[in-house]
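Have the sequence and the 3D view open as you read.

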Amino acid sequence: MQAWTPGGRSWERALTAADIDDPRLRAAYTRQRAVVAGYRRHAYLAVRLLLPPALVPHAIATTAFMHHTDNLLDRGPGAAGAWPAWEARVRAGLAGEEAADGHPVLAPLLRTVAARPRLRGHVEDFLAGAPLERDTTGFATEADYQKYVDVYALPAFMTIAGLLLAPEADADASREVCRAYIDGSQRLDFVNDLSEDLRDGRLGLSEEALARYGVTRAALERGRDAPGVRDLLRDQLLQARRDLLAARRLVAFAPPGHRAFTRAVIALETLTAGAALAAGPAVLRRPVRPPLPGALAVLLREYRRRGR
């Protein structure tokens, strides 16, 4: 397997394959690589091992951009001016009205959009939906959650999926499958992140779902296996897993060189859903991760199937 350490030669070859020659820009991509590797290790490994080298820096740049934007949105009222300033700067950069001036996040993003022009619309959609992420602390109904998926989560995912889909892929059909994936992935995240979200005053499960099982927010905050809690979590996780399994059709919309990565990402999310189901109410105390042996098996299997 290719080396993936921050100074590895395979990374330098990936930058060269992507025609990223400017030393400052190469340094900016490398900085974002370290950020992504630090907080999404399994996904990062999948990118490095399974995507064609010329695509790797672009996947890193878009992921780092979303991570940086999410951090700005999550800082709350104390950082009220940070998001508008960032949005304005990104939009100006996309319009060619402002240079990135070596910004470690924006400069790689703009270079990636220049190389992959189809991403521009996805980034603009993501920016347009970002205020909903900033303002959302919970959902009254399932319909409110679905609106969140349409307005924010799906555009966010499309900034990555836009790199993976074949140029000739049917736009409507592929977007439908992308939506199934992100619906499952987002629902899984909201269950898996309950302990952290509740501490931050946020709840990703709808009041409607809680009422169906007779569960209160206080019961979730206590982290105990109260009546209905196990059934509530199981219902949400089974729905997430169904959507993730339905999203396996996404592979058909990717060119051969991108299929191993696409299969791996979906498989890793499905493994995480299985781990959360097994954990039950324990997810109220800490998030779960995909079992390491299973995750490594997925990566090894898909490494062997690259190009197919």
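## Helix packing

Helix 13 and helix 14 cross in a left-handed way (the near helix is turned anticlockwise from the far one by less than a right angle). Their axes come within 10 Å and cross at roughly 165°, so the two helices are roughly antiparallel (an angle over 145 degrees). The model is predicted, with local features needing pLDDT of at least 70 and side-chain atom pairs pLDDT 80 or more, while totals for chains, interfaces and linings use all residues. Residues are numbered from 1 along each chain as its sequence is written, and side-chain values use heavy atoms, leaving out hydrogens and water.

Here's who touches whom, with contact meaning heavy atoms within 4.5 Å:

| Helix 13 (residues 229–246) | Arg 234, Leu 237, Leu 238, Arg 241, Leu 244, Leu 245 |
| Helix 14 (residues 256–279) | Ile 266, Glu 269, Thr 270, Ala 273, Ala 276, Leu 277 |

By type, the residues of this contact split into eight nonpolar, one polar and three charged.

Now for helix 1 (residues 9–17), where Ser 10, Trp 11, Ala 14 and Leu 15 are buried (under 20% relative accessible area, 1.4 Å probe, protein chains only). These residues span an arc of only 145° around the axis, so they sit on the same side of helix 1. They pack against helix 2 (23–39), helix 3 (41–50) and helix 4 (56–73). On the other side of helix 1, Arg 9 and Arg 13 are exposed (over 50%). Just after helix 1, Asp 19 takes a positive phi of about 60°.

Key:
Axes are lines fitted to C-alpha atoms, for helices over the stretch in contact, and angles run from 0 to 180 degrees between N-to-C directions. Helices (H or I, at least four residues) and strands (E, at least two) are DSSP runs, numbered from the N terminus. Angles under 35 degrees count as roughly parallel, over 145 as roughly antiparallel, 65 to 115 as roughly perpendicular and the rest as oblique. Ala, Val, Leu, Ile, Met, Phe, Trp, Tyr, Cys and Pro count as nonpolar, Asp, Glu, Lys and Arg as charged, and the others, Gly among them, as polar. The arc is that of the directions from the helix axis to the C-beta atoms.
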